[in-house]
Amino acid sequence: MYDDYATRIMSYAPEISGFYPLRPVQVWIIDTHFNKANSTMMNIAVLLKISSEIDMTRLARAAEEFFNAHDIFRVRFVFHEQTSDLCQRFDGEIAPVTVEKISDEEFEEQKKFLMKPYKLIDNPLYRFRLFETPTAKYVYLDFYHAIMDGMSVAILFHREMYLRYKGKKNSHQPLKYADYVLNELKVSPEELETGNEYWRNILADFDAKKHLPPTDIKSEIKWKSNQVSSPIKNITAKYFSDSTGKDNPEIFFFAAAMLTITKFTGAKNSIMSYVHNGRTTPQEMRLTGIMIDQIPVRWDFSPNERVKNFLDGLEEKFSEGLQHRRSLGTVYREGLEDECATFIFQKNFYTSFDFGDAQLEAVDIPENEFSAAENTLDIEVNQETDGSFYVRLDYDASRYSEGKMKKFAETFDEIILQMQDEERLVSDILKNFLSPSNESIR
């Protein structure tokens, strides 16, 4: 079992009572959201401009079919009748999908208020809206992060939604998220405790002053959201596709992120988290819901370590972490990684989505009064279809200035260039590290 909480809920037989425990990552997301309970910091939202050739009525019907087929869209967070614990039920109603025909001017005004906070208790936790103006068509998706992750959003359009739009049958019966919740609980107490100790050792001496870039501002407005995006000029996907045994992009860029933070702090070790998509089997790849985990990694730098050894070692760390994934509830419950910098690697996620032969183009959603930073620092590397990469830094602007984050992105790109010599000493890359009393990289 996860813990006493899950044991209590399971004792009331979820299949009969309808009350299912929240998974640890769901609990952590909700708890984190309490920092800004009335914000949209945990909204997974995207606005897409779609091809004029797409039939909006057919798309609306396809969406309704999709939502009705997957129990995650029926989920409601409720308090258990006997224990008063926050649980989830999978018996909510699916609302009809309609096409909203409005003027271009009205749509521009609507854009400002599309993303709103969710009322978490006994309410739907997703929004899906279709807009048709005299000049364009749009679809707006918004999911509460505790029920959905980015990969599920991609699956939503890239696979099943398109099949339903074309009137084709899905060859696989959709898996139930409720069943996944119960199956995940089948783990021995011994395995859980081994994992618990592993994570506590990884994060034992985490210190924001040593493992995050030094803050350069202090604002009264906490968790202020901002982002900086920058193309990565010093590498393309060709580096990883060459048949020379190069490491995969995720590990390579994660290593670069670790070195960049360490270059700013001068620490002798690095502690960061990376987002794993949580899907390790073909069946899980077809499951729509919140599957991701935020997995901590610790690295202690040694004086004569070469880049190749660093990358190989991180690959082993990634593998170790996945072996103890079932025990991450301890990390989430005890807040062990709450301030860790987080790394995410994604492919062509923010710019466009495939919908058959049509491209759905992402449109910026304006910040509004509900916007707030989810984490202290998220480092997202995105690979474009042309093989280029860019880094997006989502950060707490009550701690960091935009100038500081632009400097971080520049340093990250420079370190990427230096890492391409795998025989280079890591200490050479870090030798001009930032002194804690200094304010700029030398």
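Okay, let's start with helix α13, residues 307-323: with 17 residues at 1.5 Å each, the helix should span 24 Å, and its end C-alpha atoms sit 25 Å apart, so the two agree. That expected span is 1.5 Å times one less than the number of residues. Helices here are DSSP runs of H or I, at least four residues, and strands are runs of E, at least two, numbered from the N terminus.

Before I go on, this is a predicted model: local features need pLDDT of at least 70, side-chain atom pairs count only at pLDDT 80 or more, and totals for chains, interfaces and linings use all residues. Residues are numbered from 1 along each chain as its sequence is written, and side-chain values use heavy atoms, with hydrogens and water left out.

Back to α13. Which of its residues are buried? They are Val-307, Phe-310, Leu-311, Gly-313, Leu-314, Phe-318 and Gly-321. Buried means under 20% relative accessible area, exposed means over 50%, and partly exposed is in between, with a 1.4 Å probe and protein chains only. Looking down the axis of α13, the buried residues fall within an arc of 165°, so they line one face of the helix. The arc is taken from the directions from the helix axis to the C-beta atoms. As a reminder, an α-helix has 3.6 residues a turn, so residues three or four places apart point the same way. On the face turned away from the buried side, α13 carries the exposed residues Glu-316 and Gln-323. And what do the buried ones pack against? Helices α8 (189-202), α11, α15 (402-419) and α16 (426-430), plus strands β8 (269-276) and β9 (293-300). Contact, by the way, means heavy atoms within 4.5 Å.

Now the core. A nonpolar core is a set of buried Ala, Val, Leu, Ile, Met, Phe, Trp, Tyr and Cys residues joined through side-chain atoms within 4.5 Å. The largest one has 125 residues, and Tyr-144, Phe-253, Phe-343, Ile-379 and Met-419 touch the most other members. Helix α11, residues 249-265, gives the largest share of this core, with 11 residues. Take Ile-379: leaving aside neighbours within four places in sequence, its contacts include Ala-257, Ile-261, Phe-343 and Phe-408. Apart from that core lies another, of 9 residues, including Ile-102 and Phe-131.

On to charges. There are 23 salt bridges in the structure, each one a side-chain nitrogen of Lys or Arg within 4 Å of a carboxyl oxygen of Asp or Glu. In one of them, Arg-325 meets Asp-293 at 2.6 Å, N to O. That pair links distant parts of the chain, 32 residues apart: Arg-325 is in the loop between α13 and α14 (328-333), and Asp-293 is in strand β9. Is Arg-325 buried or exposed? Buried, because its relative accessibility is 12%, and Asp-293 is buried too, at 6%. Asp-396 and Arg-399 also form a salt bridge, with the closest N and O atoms 3.1 Å apart. Shared partners also join Glu-193, Glu-197, Arg-200 and Glu-334 into one salt-bridge network.

Last, some backbone angles. Ser-84 isn't a glycine, but has a positive phi of about 65°; Ser-84 sits in the loop between β2 (76-79) and β3 (86-89) and is exposed, at 53%. Trp-223 has a positive phi too, near 60°, in the loop between α9 (208-211) and β7 (225-232). Trp-223 counts as buried, at 15% relative accessibility.
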